[in-house]
Amino acid sequence: MIFLAIRYLLERKRQTLLTLLGVFFGTMAFVAVSGFFMGFQGFMVEQLINNSAQVHIEARLAYLSNHDLDAAFFGDEFVHSFWSVPPAGVSGYVGIQDPQAWFARLDADPRVKAYSPILTAAALFTNGKVPSVAASLIGCNPTQQSKVTTIADYMLQGKFSDITTGGNRLILGDELMRRLGVGLEQTFMVSVGTSAPVPFKVVGRFMTGSRGADMQAFGALADVQKINGTPKQINEIAVRLNDYLQSQEIEKSWSRLGPERIESWADLNANILSVFAIQNTLKFSMIMTVMIVAGFGIYNILNMTVNQKRQDIAILRALGYDAFDVVMLFFSQGLIVGLIGSFFGLICGYLFCRYLQTIPFMNVTPSNPQGRLHISLDSLIYVQALGFSLLMASLASILPARAASKLTPIEIIRQGG
Amino acid sequence: MGIVVSDVSMDFGKPPVHVLKNISLEVKDREFVSLTGRSGAGKSTLLYVMSSLDYPTSGKVEIDGHNIHSMESEELHRFRNRSMGFVFQFHYLIAELDVLQNVLMPARKSHEEISRLERAQMLLERCGLKEKMTRYPRQLSGGEQQRVSLARSLVMQPKYLFADEPTGALDSTNAEGVMQLLKDSCEKDGMTVVMVTHDPDFAAMAHREIKMADGQIIDKIERAKV
């Protein structure tokens with residue numbers, strides 16, 4: 001019946017064209033809107049998951065509550081204890097308890113792409129008479145750290161690997177450098193806690209675009225352990241996964257393995273992810289509206305065709321064509337329109353997305369050096385757009401097609417066609 | 001085996017109008033039967049019931065020994081496609097197809113359009129439409145359209161041909177041409193033809209004329225032996 005369906009479509013050129021345009025614009029809108037939202041979300045997620053680790057294994061420190069020490073001091077003798085000066089401070093561990101066990105575990109886990117042991121210390125940076133600046137001093141192995149985050153990509157001066165060999169060398173964030181008033185190859189003083197200030201040399205500068213991240217300093221792990229007075233100690237392992245979407249599942253399973261606190265990037269950025277969920281709902285609503293309008297176009301035109309072609313239906317049934325043939329005659333028209341419309345919609349949607357990618361739209365930042373819109377060209381969008389278009393075309397065609405198949409030839413002949 | 005109509009009645013609507021009343025009739029193989037009578041006599045309804053297009057309220061119709069109203073849908077459609085041809089007062093040609101494609105439509109259903117092509121061309125030649133095979137229905141006269149519809153009904157070489165006032169919308173010249181084709185189908189191709197007509201001259205061309213009034217057969221006139 002496709003032969004006859006094509007003839008019908010060709011004979012009603014204007015109606016066919018209008019229906020095609022409906023599907024075409026529906027598919028194109030799907031591709032463009034999805035590309036825009038997915039591109040934006042992809043960019044945001046990339047910033048979140050790449051600039052930082054996807055799973056953090058951290059030493060567990062908890063603040064003491066008023067009654068945490070009751071049992072230690074009074075046993076079970078008193079039900080209620082009242083302190084004139086309640087105990088204060090932290091409990092737990094300042095470092096990862098058994099790093100080697102974690103390393104072995106991470107090495108064996110196929111979900112883990114890379115990991116980096118870290119010691120983070122709160123440090124005071126002093127440069128001559130410039131007021132001291134408090135900032136985080138992060139000790140790491142630069143090779144491993146580069147595999148876990150994209151920090152190496154944000155280097156403006158020097159290379160991230162320049163701290164590999166140690167020797168009191170630091171890479172500073174742009175903001176920290178600006179506040180300290182130091183330049184490359186200059187030396188300044190760093191102190192951690194009550195330790196005496198130690199001279200460090202600036203060997204690199206990075207800029208992520210995030211002011212918080214740009215207030216950090218990176219050094220070799222051994223150097224930071226030394227200035228912190230905690231040789232061999234680390235207080236975090238930053239982990240990169242093969243599939244970042246597994247982070248929450250991994251977080252749950254690893255939480256049972258030791259005293260350390262496990263945090264996933266999704267937990268740390270729950271607010272942003274909830275915004276994505278709202279965006280996705282909005283995107284889905286917009287796309288569905290466009291698709292439903294296109295679907296109604298197909299439905300209306302096919303319904304009209306069924307009414308116009310009652311005589312053809314009558315004679316086809318009399319010639320031996322059954323109800324299924326009649327369904328296929330009208331259903332295939334919707335499907336053909338859906339296929340052609342969505343095919344051109346996909347192509348034009350793709351070209352439109354490529355055009356959007358060239359438009360300068362945002363401020364230039366290190367993470368978006370060209371300041372252009374991030375439009376996703378993910379093949380999944382195109383598969384989904386094709387699927388939705390064909391589904392919509394099928395649903396819109398099946399109802400008139402079924403109605404046509406229920407017409408009996410005698411009804412039509414009696415009514416004079 | 002032919003067509004055997006046994007005690008067929010048909011009612012319409014509420015309260016029921018009795019359109020056919022206990023009709024019994026036998027049409028032999030290769031017989032040309034005309035059904036005549038005034039409008040509302042029930043002749044077209046009888047034709048549709050005999051040809052499986054409509055269902056009787058009671059009674060049965062057997063063609064070649066098969067009760068056509070108890071056939072499964074697939075079997076019935078195959079039977080219609082293979083063994084029955086239909087000609088109506090209106091031609092019911094598909095406007096989007098040319099003359100030859102219209103004639104080949106029954107053959108398409110059974111994927112025989114190639115093997116039936118020669119026959120379709122021969123039929124169109126016999127109908128005087130050899131030069132108009134690539135024309136579309138709108139480019140033909142009423143008589144030509146009806147001849148195309150007749151050629152379409154004959155392309156599968158059906159054993160039974162049902163014609164409902166095939167000359168009703170034609171002038172006398174075209175009507176005679178169509179009638180001659182029907183007669184040839186019966187005499188030369190050995191088809192069994194059941195035709196509804198108002199025209200007494202055309203009714204007289206059949207082997208047998210069955211007169212109807214008020215849903216009943218009131219007379220059977222045998223004009224020639226099969």
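Which loop of chain B holds Gln157(B)? Gln157(B) is found in the loop between helix 6 (142-154) and strand 7 (160-164) of chain B.

1. **Gln157(B) and its backbone.** This is a predicted model. In it, Gln157(B) has a positive phi of about 50 degrees. The residue is not a glycine.

2. Glu185(A) is not a glycine either, yet its phi is positive, about 70 degrees. Its place is the loop between helix 6 and strand 8 (187-192) of chain A. The relative accessible area of Glu185(A) is 48%, so the residue counts as partly exposed.

3. **A cis peptide.** The bond joining Lys14(B) and Pro15(B) is cis, with omega about -5 degrees. Pro15(B) sits in the loop between strand 1 and strand 2 (17-27) of chain B. Check this bond when you step through the backbone of that loop.

4. **The interface in totals.** Chain B puts 24 residues in contact with 22 residues of chain A. Together the two chains bury about 2400 Å². Carbon and sulfur atoms account for 61% of that area. On the chain B side, Tyr92(B), Glu96(B) and Lys109(B) lose the most area to chain A. Those three make up 30% of what that side buries.

5. **Charges and polar pairs across the interface.** How many salt bridges link chain B and chain A? The count is 4. There are also 8 residue pairs in polar contact between the two chains, both residues at pLDDT 80 or more. Three elements of chain B each supply at least two residues of the side that touches chain A: strand 1 (3-12), helix 2 (73-83) and helix 4 (105-109). Helix 4 of chain B gives the largest share, 4 residues.

6. **Lys309(A) with Glu96(B).** These side chains meet in a salt bridge, 2.4 Å from N to O. The pair crosses between chains. Lys309(A) is in the loop between helix 10 (270-308) and helix 11 (310-318) of chain A. Glu96(B) is in the loop between strand 6 (84-87) and helix 3 (99-103) of chain B. Both residues are buried.

7. **Asp322(A) with Lys109(B).** This is another salt bridge between the chains. Its closest N and O atoms are 3.9 Å apart. Lys109(B) is also among the residues of chain B that lose the most area to chain A.

8. **Arg7(A).** Arg7(A) belongs to helix 1 (residues 2-11) of chain A. Leaving aside neighbours within four places in sequence, Arg7(A) is in contact with Glu96(B), Leu97(B), Gln101(B) and Tyr136(B). Arg7(A) is partly exposed, because its relative accessible area is 22% and buried means under 20%. Within chain A, the C-alpha atoms of Arg7(A) and Gln333(A) are separated by 9.7 Å. Along the chain these two residues are 326 residues apart.

9. **A salt bridge inside a helix.** The whole structure holds 25 salt bridges over all chains. One joins Arg178(A) and Glu175(A), at 2.6 Å from N to O. Why are these two about one helical turn apart? Because they are 3 residues apart in helix 6 (residues 174-180) of chain A.

10. Lys60(B) and Glu62(B) meet in a salt bridge, 3.7 Å from N to O. Lys60(B) is partly exposed, with a relative accessible area of 35%. Glu62(B) is partly exposed too, at 22%. In chain A, salt bridges that share partners join Glu175(A), Arg178(A), Arg179(A) and Arg211(A) into one network.

11. **A nonpolar surface patch.** Chain A carries a nonpolar surface patch of about 700 Å². Its residues are Leu339(A), Ile340(A), Phe343(A), Phe344(A), Ile347(A), Tyr350(A), Leu351(A) and Leu377(A). Tyr350(A) is found in helix 12 (residues 323-357) of chain A. Tyr350(A) is partly exposed, at 33% relative accessible area.

12. **A buried serine.** Is Ser34(B) buried or exposed? Ser34(B) is buried, because its relative accessible area is 0%. The residue lies in strand 3 (residues 32-37) of chain B. Not counting residues up to four places away in sequence, Ser34(B) touches Met195(B), Thr197(B), Ala203(B), Ala206(B), Arg208(B), Glu209(B) and Ile210(B).

Notes
Residues are numbered from 1 along each chain as its sequence is written. Chains are lettered from A and ligands numbered from 1 in the order in which they are written. Side-chain values use heavy atoms; hydrogens and water are left out. Patches are made of residues with over 30% relative accessible area and no salt bridge: like charges are joined within 9 Å, nonpolar side chains (Val, Leu, Ile, Met, Phe, Trp, Tyr) within 5 Å. Accessible areas come from the Shrake-Rupley method with a 1.4 Å probe; for residues, only the protein chains shown count as cover. Buried means under 20% relative accessible area, exposed over 50%, partly exposed in between (1.4 Å probe, protein chains only). Contact means heavy atoms within 4.5 Å. Buried area is the accessible area (1.4 Å probe) that two parts lose on being put together, summed over both. A polar contact is a pair of N or O atoms within 3.5 Å; within protein, one must be able to donate a hydrogen and the other to accept it, and residues adjacent in sequence count only if both atoms are side-chain atoms.
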